[in-house]
Every structure is written in C-alpha cells, then in structure tokens.
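Look through the structure below. The report that follows takes a few residues in turn, then helix pairs, then the chain as a whole.

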Amino acid sequence: MPYSDASMNALRQSGDELADATVATLFERGEMGTFNTLMRFFSTAGAPVPDGLPDVAREYLEATSAPPSWVDWDEMERARLFFIDNNVHIATALSFAAMPACYLVPHVAKLLSATHGLNYPSTRMAATGQFTVYLMQPDAFEAGSRFLPAAQKVRLLHASIRHHLARENRWDVGTSGVPICQEDMIGGQMFFSMLVLDSLHRLGIHMTEEGAEAYYYAWRVVGAMLGVDQDVVPENLDEAREFLDRYMIRHMGPSPEGAHLTRQLIELYEDIVPGTLFDPVVPALVRYLVGDTCGDWLEVPSTPWDTVVRAVPYLLGVLETIEDRSPLGAWALDRLGHLTTLFELSSLTRGRVMHYAVPEDLRKEYGVPDAASRTRRWTPPAATLSP
C-alpha cells in the first residue's frame with residue numbers, strides 16, 4: 001500500500017486497543033502486582049494459567065495464545081533456517097545497527113531513556129536478544145516454547161508504558177502522538193527486519209531473495225503478535241523499503257538521549273569483548289553499519305579501526321566460500337555461530353532469564369524523575385536529514 005505523511009500521521013494516534021484495555025483494567029482494580037507475581041510462573045506456551053490470575057488477564061492470555069491464523073509455516077521454517085545460517089551476522093546487525101537506529105529517532109530515544117533507565121542498557125539488549133532467540137527455535141509456536149508467553153508479556157509492557165506516560169502527563173499526545181504508537185511499532189519492526197537485511201548486505205553476506213523475504217515475513221508474524229495492525233503493515237520487501245525510508249526521513253535526527261544511549265551501548269559491548277585491545281572495534285562497527293552522518297549524530301567516536309572494519313566483508317566472504325564448499329565446514333561455522341550467539345546473550349543476561357515484567361511505576365522501576373519534571377511535557381524536535 002502507498003504511504004503518505006497523512007496516513008503515517010494517522011498511525012501516530014493509534015495504540016493497541018486490546019492490550020491497552022487490559023492494562024488499564026489491571027491498574028484500575030489494583031491487580032497489576034498480583035499479575036506480575038503470578039506471571040513469573042507462566043513462561044512456557046501451553047502451561048496452565050496460574051490460579052488467582054485476574055480475570056481480565058486470563059481473558060487477554062486466551063485471546064493472544066495462538067499465532068495469527070494466516071501464518072505460512074513453510075515460510076516460517078525458511079526464516080528459521082535463514083537465522084541459523086546467519087545467526088552471528090544477524091546478532092551483529094541487531095546490536096550494532098538496529099539498536100542504534102532506534103536512538104536515531106529523537107522521540108523514541110527520549111521514550112527509551114525514560115522507560116528502561118540510562119544506566120541499564122543491558123536490560124533492553126538482553127530482553128531483545130532473548131526474544132529473538134526464542135523466536136527462531138524450532139518449537140517457537142508449539143506447547144512448551146518460551147516465545148509465545150514472551151510476546152504476550154512484551155505487548156502488555158508496551159501498553160503499560162502508554163498508560164504511565166498518559167497518566168503522569170509526561171507525553172504530549174496532541175503533538176507527538178500516542179507513545180509506542182502504530183507508526184513507531186511498525187518502524188521498530190522495520191529496524192529489526194529490513195535494517196538487519198540492509199546491514200547483512202553491507203557486511204557482504206550473500207542472501208537469496210527467498211531467504212530475505214522469509215526473514216522479513218517472520219517479523220511480520222512477530223508484529224502481529226505484538227499488536228501491530230496488519231492492515232497497514234508493509235506486506236513485502238518493496239513496501240517495507242518505502243515505509244522505512246519515509247519513517248526515517250520523517251523522524252531521524254540527533255538528540256542528547258540518542259547520543260547517551262549509544263555511548264552506553266558501546267560501553268556495554270566493550271565490556272563483553274575480552275581485554276581492551278579490540279574495544280575500538282565496537283564503535284567502528286556501529287559507524288560502519290549506520291554510516292558517518294548517523295554516526296556523527298549519535299556521537300560515535302572515530303577510531304583507527306574505522307578503516308580496518310571495512311575489510312570485514314572480505315573476511316566473511318572467505319568464510320562463506322568455506323561454508324559453500326565443505327559440508328563439514330558449514331556445520332562447524334553454524335555451530336560456532338550458535339555458540340557465539342549464546343555467549344553474547346549469556347553475557348548480557350548474566351545467565352538470568354528475562355521475565356518481561358510489566359512496570360507498576362516508571363519512577364520506582366526505572367528511576368524516572370518525578371515532581372516538577374513530571375509536569376513538563378516534551379515535544380520532539382523537527383526531523384532533519386543531511387543530503
């Protein structure tokens with residue numbers, strides 16, 4: 001479908017009716033604490049709903065317990081195989097391109113800084129990484145999987161943020177639209193799908209059109225399960241390109257929050273990299289994948305490694321040649337990629353399982369300022385784009 005500023009402005013006024021109504025009722029009845037406590041014991045699909053769970057939560061879980069009826073399972077299997085074949089590359093693109101891209105949208109960076117704390121960037125990175133790993137498991141949509149409950153909880157988490165910001169008068173809906181609105185949810189879906197595919201291309205990864213389409217399709221399914229209106233979501237890669245380009249032109253620009261979040265992200269991954277010799281590789285990869293203009297907006301430092309990382313596509317090309325010519329080499333590289341991804345996830349989560357709890361109070365959960373600061377509404381600056 002064609003997109004225009006008018007149609008995308010309309011998307012800024014819509015949230016997620018089902019999840020928003022569920023969260024509003026839980027808070028109105030004072031049942032959110034009970035919900036969070038009991039939901040810690042509900043982490044696998046098909047498990048019995050905990051006794052004592054509020055009725056409105058039970059109804060929500062029943063309504064969202066299955067993937068959309070239109071899912072093409074053959075396409076989802078192709079997406080899973082694509083992920084297995086490119087897991088390290090996808091993890092790299094998610095970490096060093098998709099996440100910084102979120103920070104390039106000033107109002108999104110402002111919202112993120114207010115809802116997960118500037119001092120704890122690993123929380124969101126760990127939750128995102130765990131969510132993606134759950135998604136690409138063979139049994140992701142079957143009984144016993146962890147993906148479906150995670151999606152149900154993340155959808156309510158987004159709704160709770162909308163609820164808190166509106167209740168605390170900390171977001172100008174008239175000017176900025178609904179927080180985590182449909183436009184931004186689709187934009188996020190584009191970052192984790194189209195932007196990842198763009199980054200794989202920039203890294204020199206050879207992809208079939210079938211594989212790329214399947215990976216994008218998987219994120220369409222995810223978007224549907226997170227409350228994204230499928231009537232307005234791009235259906236294919238061409239439409240996704242149109243939406244992503246227009247979204248970034250509308251909103252992309254520098255912001256203090258975006259620069260701060262990026263700095264925290266870089267420091268987080270520098271801590272994961274063994275020793276200190278290779279620390280400069282982290283900002284170099286970010287700058288290489290997002291480009292110099294966006295790197296400057298995010299205040300990504302330049303290092304001598306900026307030139308070195310340009311050789312990464314050639315190195316990956318050698319590895320792909322080995323993979324193509326040797327079944328044993330392909331198995332070894334896939335296994336190494338799987339172990340590398342798990343190591344990265346373990347480092348981010350510190351070996352813990354992320355529970356996706358719904359925040360009962362943004363100030364208590366995330367250290368968000370209160371008092372006078374809560375009475376000041378924030379309006380995002382006009383987007384700018386360098387030629």
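## Met 190

Met 190 sits in helix H11, which spans residues 182–202. Helices here are DSSP runs of H or I with at least four residues, strands are runs of E with at least two, and both are numbered from the N terminus. This is a predicted model, in which local features need pLDDT of at least 70, side-chain atom pairs count only at pLDDT 80 or more, and totals for chains, interfaces and linings use all residues. Residues are numbered from 1 along each chain as its sequence is written, and side-chain values use heavy atoms, leaving out hydrogens and water.

Is Met 190 buried or exposed? Met 190 is buried, with a relative accessible area of 0%. Buried means under 20% relative accessible area, exposed means over 50%, and partly exposed lies in between (1.4 Å probe, protein chains only). Leaving aside residues up to four places away in sequence, Met 190 touches Leu 195, Tyr 216, Pro 234, Ala 240, Phe 243 and Leu 244. Contact means heavy atoms within 4.5 Å.

Asn 36 belongs to helix H3, residues 32–39. Asn 36 counts as buried, at 13% relative accessibility. Its contacts are Ala 357, Val 358 and Glu 360, not counting residues up to four places away in sequence.

Glu 299 lies in a loop, between helix H16 (292–297) and helix H17 (305–308). Glu 299 counts as exposed, at 54% relative accessibility. Glu 299 touches Ala 259 and Arg 263, again not counting residues up to four places away in sequence. Thr 262 is 37 residues from Glu 299 along the chain, and their C-alpha atoms are separated by 7.9 Å.

## Helices H6 and H14

Two packed helices are described by the angle between their axes and the distance between the axes. The axes of H6 (residues 87–103) and H14 (residues 256–272) come within 9 Å and cross at roughly 160 degrees. That makes H6 roughly antiparallel to H14. Angles under 35 degrees count as roughly parallel, over 145 as roughly antiparallel, 65 to 115 as roughly perpendicular, and the rest as oblique. Axes are lines fitted to C-alpha atoms, for helices over the stretch in contact, and angles run from 0 to 180 degrees between N-to-C directions.

Which residues meet? From H6 come Ser 95, Phe 96, Met 99, Pro 100 and Tyr 103; from H14 come Gly 258, Leu 261, Thr 262, Leu 265 and Tyr 269. By class, this contact has seven nonpolar, three polar and no charged residues. Ala, Val, Leu, Ile, Met, Phe, Trp, Tyr, Cys and Pro count as nonpolar, Asp, Glu, Lys and Arg as charged, and the others, Gly among them, as polar.

## Helices H2 and H9

H2 (residues 17–28) packs against H9 (residues 147–167) at about 65 degrees, with the axes 8 Å apart. H2 and H9 are therefore roughly perpendicular to each other.

The H2 side of the contact includes Leu 18, Asp 20 and Phe 27, while the H9 side includes Arg 155, Ala 159 and His 163. The residues of this contact divide into seven nonpolar, four polar and three charged.

## The whole chain

The chain has 20 helices and zero strands. Of its 387 residues, 55% are buried. Among contacts between residues at least 6 apart in sequence, 78% join residues at least 24 apart.
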